[in-house]
Amino acid sequence: MEWLYWLCSYIIGTFLTAYVIAKSKGIDLSKEGSGNFGARNIGRIVGSWAFIVTMLGDGLKGAAVVLAGYALGFSMVTVVIGLIFTVLGHVYPFWREFKGGKGVATGIGGLIFVLPIGALLLAVGFLLILVITRSTTKGMLGAFAVYAGYFIYEWSPASIAVIIVIFLVIWANRENIAEKIR
């Protein structure tokens with residue numbers, strides 16, 4: 001049953017909110033801006049409303065997979081592995097020749113619901129670094145660092161899976177991060 005949940009998680013991840021918005025506007029997003037199918041690119045091309053809708057849509061994918069996993073009675077490890085597959089589906093959708101978004105909203109949307117304190121951990125890390133650096137990219141790294149730190153401190157079998165989710169999102173954003181750190 002777990003393998004079916006993980007397969008469905010990947011397939012859910014391949015739904016790209018930015019793609020739907022771009023198509024509805026007659027835009028080939030792969031040829032516009034960065035060519036990425038995420039919130040930042042669609043926001044630059046279409047406008048802030050598209051950024052917000054994409055963030056919400058992609059975040060809901062992650063949240064839905066996590067909440068469905070818990071509703072089905074799966075362990076936290078199984079649920080977070082489902083989130084890994086959702087992020088992989090978003091970043092590497094099979095139907096777009098494995099070129100999707102960066103996974104930030106999908107990862108955050110799921111991590112918020114992995115454990116009850118998740119939203120607070122992400123918010124504290126993000127806001128702390130944002131205030132210091134005035135960079136949302138660095139704020140994202142701060143959010144993930146605090147979240148990962150909690151799972152390392154409160155080590156559990158799910159800790160490795162959570163760290164993999166965070167690593168995947170950071171890996172997909174490595175070029176943006178490198179630009180901000182220079």
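This report describes the overall build of a predicted protein model and then looks at some of its residues.

## Overall build

The protein chain of this predicted model contains 10 helices and 0 strands, so that reading from the N terminus on gives the order α-α-α-α-α-α-α-α-α-α. Its C-alpha atoms fill a box of roughly 45 × 45 × 25 Å when the box is taken along the principal axes. The radius of gyration of the protein chain is 16 Å, and this agrees with the value near 16 Å that a compact globule of 182 residues would have.

Of the 182 residues in the protein chain, 44% are buried.

## Surface and charge

The accessible surface of the protein chain comes to about 9300 Å², and 70% of this surface belongs to carbon and sulfur atoms. The protein chain carries 14 positive and 8 negative side chains, and the centres of these two sets lie 8 Å apart.

## Aromatic pairs

A search of the whole structure finds 7 aromatic pairs. One of them is formed by Tyr5 and Phe74, whose rings lie 4.9 Å apart from centre to centre with 40° between the planes, an arrangement that counts as tilted. Tyr5 belongs to helix H1 (residues 2-13), whereas Phe74 sits in the loop between helix H4 (48-71) and helix H5 (76-91), so the pair ties together parts that are 69 residues apart in sequence. Both Tyr5 and Phe74 are buried.

Another pair is that of Trp6 and Phe85, where the ring centres are 6.2 Å apart and the planes meet at 25°; planes under 30 degrees apart count as stacked, and therefore this pair is described as stacked. The pair links distant parts of the chain, with Trp6 in helix H1 and Phe85 in helix H5, 79 residues apart. Phe85 has a relative accessible area of 30% and is partly exposed.

Thr14 lies in the loop between H1 and helix H2 (17-24). With a relative accessible area of 6%, Thr14 falls under the 20% limit and is therefore buried.

Gly125, in turn, has its place in helix H7 (residues 118-133), and with a relative accessibility of 1% Gly125 counts as buried. Not counting residues up to four places away in sequence, Gly125 touches Gly139, Gly142, Ala143 and Val146. The C-alpha atoms of Gly125 and Pro93 are 29 Å apart in space, while the two residues are 32 apart in sequence.

## Partly exposed residues in helices

Ile52 is found in helix H4 and, with a relative accessible area of 46%, is partly exposed. The C-alpha atom of Ile52 is separated by 9.6 Å from that of Ile42, a residue 10 places away along the chain.

Gly149 is found in helix H8, where its relative accessibility of 32% makes it count as partly exposed. Between the C-alpha atoms of Gly149 and Ser159, which are 10 residues apart along the chain, the separation is 9.6 Å.

## Positive phi angles in two loops

Most residues other than glycine have a negative phi. Phe98, found in the loop between H5 and helix H6 (104-114), has a positive phi of about 65° although it is not a glycine.

Arg134 has its place in the loop between H7 and helix H8 (136-153), and its phi is near 60°, again a positive value in a residue other than glycine. Because its relative accessible area is 72%, and over 50% counts as exposed, Arg134 is an exposed residue.

How values were computed. Residues are numbered from 1 along each chain as its sequence is written. This is a predicted model: local features need pLDDT of at least 70, side-chain atom pairs count only at pLDDT 80 or more; totals for chains, interfaces and linings use all residues. Side-chain values use heavy atoms; hydrogens and water are left out. Helices (H or I, at least four residues) and strands (E, at least two) are DSSP runs, numbered from the N terminus. The radius of gyration is taken over C-alpha atoms; the globule rule is 2.2 Å times the number of residues to the power 0.38. Buried means under 20% relative accessible area, exposed over 50%, partly exposed in between (1.4 Å probe, protein chains only). Accessible areas come from the Shrake-Rupley method with a 1.4 Å probe; for residues, only the protein chains shown count as cover. Lys and Arg count as positive and Asp and Glu as negative; His and the chain ends are not counted. The place of a charge is taken as NZ of Lys, CZ of Arg, CG of Asp or CD of Glu. Rings of Phe, Tyr and Trp (its six-membered ring) pair if their centres lie within 6.5 Å; planes under 30 degrees apart count as stacked, over 60 as edge-to-face and the rest as tilted. Contact means heavy atoms within 4.5 Å.
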